[in-house]
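Colleague: Could you walk me through how to read a few features of a model like this one? I would like the general idea each time, and then the case at hand.

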Amino acid sequence: MGKAGRSALLAAFDESATWSVQDHLSARISDALELANFFFLKANSTESQGLTPPDPIRRPGQPEPARPETGFASGEELSAFLAGMSNI
């Protein structure tokens, strides 16, 4: 565990115990600032239709978010992309 006063047994039952109170507060403050910036942009931008709210910092004990499926571009897609880049 590495931090004085942290119980390995408690952390085994409750993963959130691996974070200190300061860690939890820092994540909360960061999430609040990102959300405030999002709302500011949403309210004051004419191009805010495509904005999505920020994802909060993942806390210990929360499930890992699902990763989107990624794939490779086909040869035709790559060729079209490179052709478009050379036309710029």
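Modeller: Let's begin with the nonpolar surface patch: V21, L25, I29 and L33 make one of about 410 Å². Patches are made of residues with over 30% relative accessible area and no salt bridge, with nonpolar side chains (Val, Leu, Ile, Met, Phe, Trp, Tyr) joined within 5 Å and like charges within 9 Å. Accessible areas come from the Shrake-Rupley method with a 1.4 Å probe, and for residues only the protein chains shown count as cover.

Colleague: How far should I trust the coordinates?

Modeller: This is a predicted model, where local features need pLDDT of at least 70 and side-chain atom pairs count only at pLDDT 80 or more, while totals for chains, interfaces and linings use all residues. Residues are numbered from 1 along each chain as its sequence is written, and side-chain values use heavy atoms, leaving out hydrogens and water. The pLDDT is the predictor's confidence in each residue, from 0 to 100. Where it is low, the predicted coordinates should not be read in detail. Here the chain averages 81, and 80% of the residues score at least 70. Confidence is lowest in helix α1 (residues 8-13), at a mean of 66, and highest in helix α2 (residues 21-44), at 92.

Colleague: How many helices and strands are there?

Modeller: Three helices and zero strands, in the order α-α-α along the sequence. Helices (H or I, at least four residues) and strands (E, at least two) are DSSP runs, numbered from the N terminus.

Colleague: And how do I read a salt bridge?

Modeller: Side chains of opposite charge can pair when their charged atoms come close. The rule asks for a side-chain nitrogen of Lys or Arg within 4 Å of a carboxyl oxygen of Asp or Glu, and the count comes to one. D31 pairs with R59, the closest N and O atoms being 2.5 Å apart. The pair links distant parts of the chain, 28 residues apart: D31 in helix α2, R59 in the loop between α2 and α3 (75-86).

Colleague: Why does D31 count as buried?

Modeller: Because its relative accessibility is 13%; R59 is buried too. Leaving aside neighbours within four places in sequence, D31 is in contact with P56, I57 and R59, contact meaning heavy atoms within 4.5 Å.

How values were computed. Buried < 20%, exposed > 50% of the residue type's maximum accessible area, 1.4 Å probe, protein only.
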